[in-house]
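Subject: Structure handover

Hi,

Here is the structure we talked about. My notes follow below it.

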Number of protein chains: 2
Amino acid sequence: MTRIAIAGAAHPHVAYATAEVDAVDSFELVAVADPSRELAERWAAPYDAKVFTDHQAMLREVEPDIVMVAGIYGDRGQAVVDALNAGCHVIADKPLCTTLADLDAITEAVRRTGRHVTLLLEKRYYPVTLAALEISGQLGTIHGVTASGPHKLNRPTRPAWFFDRAQYGGLLTDLAVHDIDAGLLFTGLTSGTVSGFVVDTSYGVATLSGPGALITAGVDWMNPAGSPMHGDYRMKLVGTEGTAELLWARNRLVVTTTELAPHDVPLPAGHRPAELPLQAFAAGNEPDITTARGLLVTRLALLAQQSAETGGVPLPWTTP
Amino acid sequence: MTRIAIAGAAHPHVAYATAEVDAVDSFELVAVADPSRELAERWAAPYDAKVFTDHQAMLREVEPDIVMVAGIYGDRGQAVVDALNAGCHVIADKPLCTTLADLDAITEAVRRTGRHVTLLLEKRYYPVTLAALEISGQLGTIHGVTASGPHKLNRPTRPAWFFDRAQYGGLLTDLAVHDIDAGLLFTGLTSGTVSGFVVDTSYGVATLSGPGALITAGVDWMNPAGSPMHGDYRMKLVGTEGTAELLWARNRLVVTTTELAPHDVPLPAGHRPAELPLQAFAAGNEPDITTARGLLVTRLALLAQQSAETGGVPLPWTTP
């Protein structure tokens with residue numbers, strides 16, 4: 001059996017982990033810890049998992065193999081470090097953490113323990129993304145990536161911590177990480193600058209610029225209530241031989257090339273967000289979204305947020 | 001009669017002026033000057049207009065009321081100044097000029113002569129833009145504007161000067177000015193910072209950030225040959241009460257609000273690019289695209305280009 005525990009259940013992405021427990025016989029949910037006992041109980045009950053309000057106590061008592069971290073954003077960094085120190089692998093909802101100090105502590109704990117941290121970047125596993133990776137060679141050299149990620153705020157149902165900068169971490173820290181990751185994936189960028197701008201904590205843009213490539217990731221919490229979808233997530237890839245529009249929310253990939261008019265590309269099946277990472281851990285492997293990658297894209301999102309809070313000055317970065 | 005002359009005919013937008021001569025009985029095309037006599041002759045012939053290779057000689061000899069400037073980009077600044085000094089109003093294809101020194105010289109000539117310079121910002125007069133201005137109040141406070149302006153390069157038919165930085169002026173100088181202007185129009189932004197990034201002279205983004213608003217204008221010369229259109233020009237407005245998608249190339253305006261699902265807004269008729277400006281000049285008025293506005297948006301595009309060529313550092317700006 002692979003023993004999975006949850007350290008922090010404030011975000012409903014906890015379901016990414018429980019979906020795998022539901023799907024895979026050899027996965028067992030052994031415990032759920034959250035400062036809110038009620039919340040921990042709600043997620044634990046269907047699995048007869050143990051309930052804790054202190055994740056340290058949980059780690060000592062149940063000794064899980066893998067820890068899913070999905071608590072209040074500001075609490076995640078410490079939970080990840082504690083789980084690593086307890087000898088566990090970590091599967092973390094984004095954002096991984098909310099400060100560069102947190103990230104340094106996680107980086108140090110990874111190095112010391114040899115355990116893995118995989119960040120749940122579920123856009124990687126959407127059918128549209130998989131198809132785009134498959135055909136990206138047809139686009140030539142990809143010079144430009146533009147993404148937009150509008151989200152509905154649903155103000156009445158958002159918890160209070162979401163509006164506390166210290167606990168939330170900022171718009172770009174939270175939302176830009178998916179498109180930063182995808183942008184790096186499609187361009188192969190490994191160094192450059194990152195800058196950011198945010199308006200009123202609810203609308204922002206992160207920009208990555210490096211040799212031969214420019215990635216612009218717009219994100220916001222301003223999608224109108226009248227919209228039929230949470231957000232019309234899109235990404236456009238602009239290459240020397242063609243362009244691709246990834247219409248994630250519409251499940252379409254539209255490609256135009258030097259020779260071919262716009263056409264829809266057939267899509268493969270996708271994967272559930274935690275499906276491949278948990279299978280990799282169970283098999284003793286590092287997930288395809290590596291520890292180094294999760295740390296890098298988190299650093300870039302945190303730097304974009306820092307840039308946004310200091311006038312948009314571009315900050316240098318390089319792959320470690 | 002209103003006597004119109006053309007000083008520089010390198011760009012086919014010369015047709016913006018001749019279309020008005022065709023449409024309005026009281027407009028007369030009296031002369032065309034271009035360093036290429038062949039080019040000048042081609043535009044002059046249908047109107048029996050005089051032909052010059054030197055615009056200074058033309059200005060002295062025919063004493064026009066209005067001068068249309070549409071030459072090689074790097075030559076435009078001097079042509080604008082010379083036309084102003086000759087006592088003419090100027091209607092200028094974009095870019096107005098290619099350097100901040102040119103712009104300063106134009107600004108000085110405007111102040112000294114009291115003549116007007118109107119910049120041909122034809123997106124202003126598209127049906128979609130007019131409709132968006134009409135309904136923009138439904139969107140609440142507009143915090144975000146994102147534009148994308150892909151263009152086909154059509155390499156074999158581009159003249160050589162287009163690939164000479166000194167004569168062309170740069171991607172953002174050339175293409176970003178329309179969306180910068182529209183962004184200011186919808187947000188009312190009057191100061192802030194402007195930054196830019198360009199990849200390989202062919203793909204770039206200009207960003208304007210100021211109190212309560214963020215404008216991102218992506219432009220490129222990478223639209224694939226297989227595309228059915230020159231470019232799928234788009235702009236999205238994100239407000240506190242709704243969003244609008246201006247799909248210029250598709251002639252659609254799609255609005256979503258807090259209460260209403262996405263819906264198409266009926267479009268009015270548009271105006272030809274030079275229609276209102278030339279009528280304003282003929283009536284003795286300043287065009288709705290004022291001299292101050294043309295100078296401002298040109299300055300912003302030049303600053304974005306300067307930022308792009310110096311690492312993307314945000315440069316401060318304010319409305320004079």
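Chain A splits into domain 1 (2-115) and domain 2 (122-274 + 301-318), with bounds from an automatic or database domain assignment. This is a predicted model: local features need pLDDT of at least 70, side-chain atom pairs count only at pLDDT 80 or more, and totals for chains, interfaces and linings use all residues. Residues are numbered from 1 along each chain as its sequence is written, chains are lettered from A and ligands numbered from 1 in the order written, and side-chain values use heavy atoms, without hydrogens and water.

The centres of domains 1 and 2 of chain A, taken over C-alpha atoms, are 26 Å apart. Domain 1 of chain A puts 16 residues into the contact and domain 2 of chain A puts in 18 (heavy atoms within 4.5 Å). About 1,500 Å² is buried between them, 66% of it from carbon and sulfur atoms (accessible area, 1.4 Å probe, lost on being put together, summed over both parts). On the domain 1 side, Tyr16(A), Tyr73(A) and Lys94(A) lose the most area, together 36% of what that side buries.

Lys94(A) also forms a salt bridge with Asp174(A), at 2.5 Å, N to O (Lys or Arg side-chain nitrogen within 4 Å of an Asp or Glu carboxyl oxygen). The count between the two domains is 2 salt bridges.

Now chain B. An open sheet of 6 strands runs β3-β2-β1-β4-β5-β6, with parallel pairing (strands are DSSP runs of E, at least two residues; a pair needs at least two bridges). Its edge strands are β3 (50-52) and β6 (117-119) of chain B. Strands β1 (2-7) and β2 (27-33) of chain B share 6 bridges. Ile6(B) sits opposite Val32(B) in β2(B).

Best wishes

How values were computed: Helix = DSSP H or I, 4+ residues; strand = E, 2+ residues; numbered from the N terminus. Buried area = accessible area lost by both parts, 1.4 Å probe.
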